[in-house]
Each structure stands twice: as C-alpha cells, then as structure tokens.
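Me: I am new to this structure and would like a close look at a single part of it. Please take me through that part slowly, and then through what surrounds it.

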Amino acid sequence: MRLMRFTAGVAMAALVAGAAIAQTAPASQAAGTLDPAAEQAPATAAAAEPEFTLADGIVATVNDQVITGFDLRQRMLSVIAMSQVQPTEENIPAIQQQALQALIEERLQSQEIANYETLQISDEEVNQEIAGMAQEAGTTPENYMAFLAQGGIRPEAMREQLRTEIGWRELVGGRFNSRSRVSRAQVDQTLRQLTEAASKPQYLIGEIYLEANRVGGQQAAVNGAEQLVTQMVQGAAFQAVARQFSAAPSAARGGDAGWVVQGTVQPALQAALDSLQVGQLSRPIPVDGGVYIIYMRDKRTGAATSLVSLKQAMIELPETATTEEVAAATQRLEGIRASLTCDNILQRATSEAGLLGSDLGESDVANLAPQFQQVARSAEVNTVSNPVRTPLGIHLLAVCGRRVGGVDVPSYQEVEARLRNQNLAMLARRYIRDLRADSLIEMK
C-alpha cells in the first residue's frame, strides 16, 4: 500500500488561511497571561517540520461506507484551518483523532439522513451556510472558500461536510422538537435559581471540554488539552479551537458558556473559577469523563437585584394589641389562607369586614420590611405565606412573581430557549451514541 506524506508545510498553508479568515479573537491574546513569554511567539512560527504519513487507501469503514486517507487529510486540513491550531509533532495525533472521529460521526449522520427521503438539503442552503460563516469571519463567501482552497481544502469536500451538518440539524430538530420543549415549571425553577444566585459571585466563561471516551482515554484527553492550551497561548483563537475540538454543547457558540454562578459547578472547576483572573486561560482541569479548559472572560460580584411581586391581606393591629387580639387575628387569617391565591386575594380581602387588601407591586427584596424579606426570598411563586406580624398588624403575603433585575439578566423567553437548546443538544448526543452502538465501525 502506497503511503502519502503530509507535512507541516502543507498544513501551515491551511493554518495561515484560517488565521487570515478568523482574525484571532481577543480571547487568544488574553490567554497569553498563562504564559506571557509564549505570547510573543508568532502564531505561524514552527519550531520544527513535523511529518506523518497516512495510508492512501481505506482508513476506516462505517457500515458500508469507507473513509479514505484522502478524506482524513481533507478533514485534518479543515480542523487546522478552522481552529488555527499549529500542527506540531505533539498535537498531530490529537488532530488526526479529532478528524477521524468527526468523519465517523458524519458518515453515521449521512446514513441516517438518507433514511428520510423528504430531507433533501439544497445547494442554496449550503450557500447560505457558507455566507453565514464568511460573514462571521468578516469576508465574502468567495474569499472564504478561496482561503480554504489555498490551504488544500477542496470546495466540494467542504460543501458535503456542510450539507451533512445542515441535514443533521434539521433531522434532530424535527425528531426531537417536542421532546426538547421545557415546561413553565422548569423555566420558573431556573429563574428562581437565578434569583437566589443574584447576590453570589458569577463568572462569564468560555469552555472547551474534551470527552475521554471520544479521544482515546483520560490521559489522551489531558495530553490533548495541554497541546491546545499551548496553541492558544501562542495565538490560536479560543473560539475557533472550541468549535473544532470541544464536546460541550457550547462548542457551536465558540465555547461561550455564559454566566456561571458560584457553587453550581464541580469542585475542580470552581477552584479554577476562583483563582483565574479576567483574561486568563486555565491549565487542563481533569474531571470525571474528560478534561476542561476554562477561559475567564469576566467576573461580577452579584450586584443584580432580586425582585418580587407581592399582594397582601391583613388585619390592622397596633403594637399595643393584647396577646388575645393577636391570636384571634392570626387564627382568622389562618382559616382563610388555604383558599387564597394571587388571583383572588384582593377581592377576598376587600369583601370581608375587618380585612384590608393591597397590591404591593414589584419590589427589590432588600428594600422590603424585614418581616417580609424571608417570605419574599423563600416562598414558592403563587403561594400564600403563614401570618406575618409587623407593627401595623397581621399579614398574609401572596408571592405572585419573582425575577432577577439588573444588567444582562435573561428574560423568561431567553431562559426557555437556553433550556430547550440544552435538551436538544443532549438528545442529539444520545442519538449519535445510539447510532454508533448499532453500527459496524472498523479501523484499517
């Protein structure tokens, strides 16, 4: 079998193209704080001319479809160009492994798509995808494809890759759209968690997750992560690397994991979040099942406000009221509490003698009377509290809404969309795992 030689010189052409297109993002500059000396090294300077050989024949078979050495070289060039990772002797195996796994999954996806005759991706849809990628890179579709071609990436190979990606997105969305929906209770719970976290430190992070099972084991994941960190310190853009290498759902967003609240992640990750300064890139962080790389984009102290909407029914009682009067008023309110809701509490309070009702509106919890704050923070939305004593009387408080206020606080719709996308990503990963388990995959 004749062997084909793949040199760093060829790969560097793709790397230069990728760098020209993506215009290294600020994340890569900030990442240099991990190793300031390395930041001065040009992104395209190779210390050596690493070489490796790939068989010019069948590399693997996925059911009845083959993956050739040519296919693998094309995908490796694509990974290098898109991630801006400089090929070295140390990271070429990781690049090859990433490319091979991507090709295997692509074959499985295309085979599954073929089972649905109505799922046909047109050339126009592929053109629109290329246009979007070019716009993100700040260039025209023609220049974008020309840059890739200069790096040895054949346009037809890139177009088929994109055709499968689009088809897979449509297939996953069509099959799992109903299952990915989230209930109002799930959204409300997430909003409550955001509210409870409003006063805690929060971190705006980028993440790259290497899944051990996908890259050849935990040690391989650690080694691969070390190589990626080195490349990012030397100039590769974090976002580009995340898109190509990360197994996290955030990969499609360039690793953007959004704001993370203190105490909601694994201890190893929390330790990194606490120690990283804004603009710093972490060393590899091993966890069960894989390895994380974290980029600290921003931090905040939790200055967001916790807002609550309250209504009340009350019996006026001065501070000088007797114990018997307080007990009688408390007993009366306890007797009607179970029948009260946010919808009827005002009507009920104003229709009975001796009761007063009022809509307290939306308030910052911190600005409420001390006696109301515990109810405002801990009671479930759409519930009515036990009687609360204040200098003005005895109160029943209906908690009718709760949200986080302040800058960058997500709306109900944004939280709903985020949860739905997370569910869809999880179902897609499970789908491809099931396809792998049911397929015959042979490495040559």
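How close do the axes of α4 and α8 come, and at roughly what angle do they cross?

Reply: Please keep in mind throughout that this is a predicted model. The axes of α4 and α8 come within 11 Å of each other, and they cross at roughly 80 degrees. Because angles from 65 to 115 degrees count as roughly perpendicular, α4 is therefore roughly perpendicular to α8. On the side of α4, the residues that make this contact are Gln74, Arg75, Ser78 and Met82, while α8 contributes Ala157, Met158 and Gln161. Sorted by class, the residues of the contact of α4 with α8 are 3 nonpolar, 3 polar and 1 charged.

The largest share of the lining, 8 residues, comes from α8. By class, the lining of the second largest pocket is made of 9 nonpolar, 7 polar and 8 charged residues.

Further along α8 there is a contact with another helix. Helix α6, which spans residues 123-137, and helix α8, which spans residues 155-180, have axes that come within 9 Å and cross at roughly 100 degrees, and α6 and α8 are therefore roughly perpendicular to each other. From α6, the residues that take part are Asp123, Glu125, Val126, Asn127, Glu129, Ile130 and Met133, and in α8 they meet Arg159, Leu162, Arg163, Ile166, Arg169 and Glu170. This contact of α6 with α8 has 5 nonpolar, 1 polar and 7 charged residues.

The axes of α5 and helix α17 (residues 412-437) come within 10 Å and cross at roughly 90 degrees, which makes α5 roughly perpendicular to α17. Here Gln101, Ile104, Glu105, Leu108, Gln109 and Glu112 of α5 meet Tyr431, Ile432, Leu435 and Arg436 of α17. The residues of this contact of α5 with α17 fall into 5 nonpolar, 2 polar and 3 charged.

Helix α5, residues 92-113, also lies across the strands β3, β4 and β14, running at about 155 degrees to β4. These strands form an open sheet of 3 strands in the order β4-β3-β14, and their pairing is antiparallel. In general, the strands of a sheet pair through backbone hydrogen bonds, and they do so either in a parallel or in an antiparallel way. The edge strands of this sheet are β4 (65-68) and β14 (441-443), each of which pairs on one side only. Neighbouring strands are turned against each other by 20 degrees on average, direction ignored.

Within this sheet, strand β3 (residues 58-62) and β4 pair in the antiparallel sense over 4 bridges. The bridge partner of isoleucine 58 is threonine 68 in β4, and valine 62 stands opposite glutamine 65, which also belongs to β4. The two strands β3 and β4 form a hairpin with 2 residues between them, and in the turn asparagine 63 has a positive phi of about 55 degrees.

Elsewhere in the model there is another open sheet, this one of 4 strands, with the order β6-β5-β8-β7 and antiparallel pairing. Its edge strands, each pairing on one side only, are β6 (256-261) and β7 (285-287), and the twist averages 40 degrees from one strand to the next. Strand β5 (residues 202-211) and strand β8 (residues 290-300) pair in the antiparallel sense over 10 bridges, and among the paired residues glutamate 211 has glycine 290 of β8 as its bridge partner. A helix accompanies this sheet too, for helix α11 (residues 218-233) lies across β5, β7 and β8 and runs at about 40 degrees to β8.

Technical notes
Residues are numbered from 1 along each chain as its sequence is written. This is a predicted model: local features need pLDDT of at least 70, side-chain atom pairs count only at pLDDT 80 or more; totals for chains, interfaces and linings use all residues. Side-chain values use heavy atoms; hydrogens and water are left out. Axes are lines fitted to C-alpha atoms, for helices over the stretch in contact, and angles run from 0 to 180 degrees between N-to-C directions. Angles under 35 degrees count as roughly parallel, over 145 as roughly antiparallel, 65 to 115 as roughly perpendicular and the rest as oblique. Contact means heavy atoms within 4.5 Å. Ala, Val, Leu, Ile, Met, Phe, Trp, Tyr, Cys and Pro count as nonpolar, Asp, Glu, Lys and Arg as charged, and the others, Gly among them, as polar. Two strands pair if DSSP finds at least two bridges between them.
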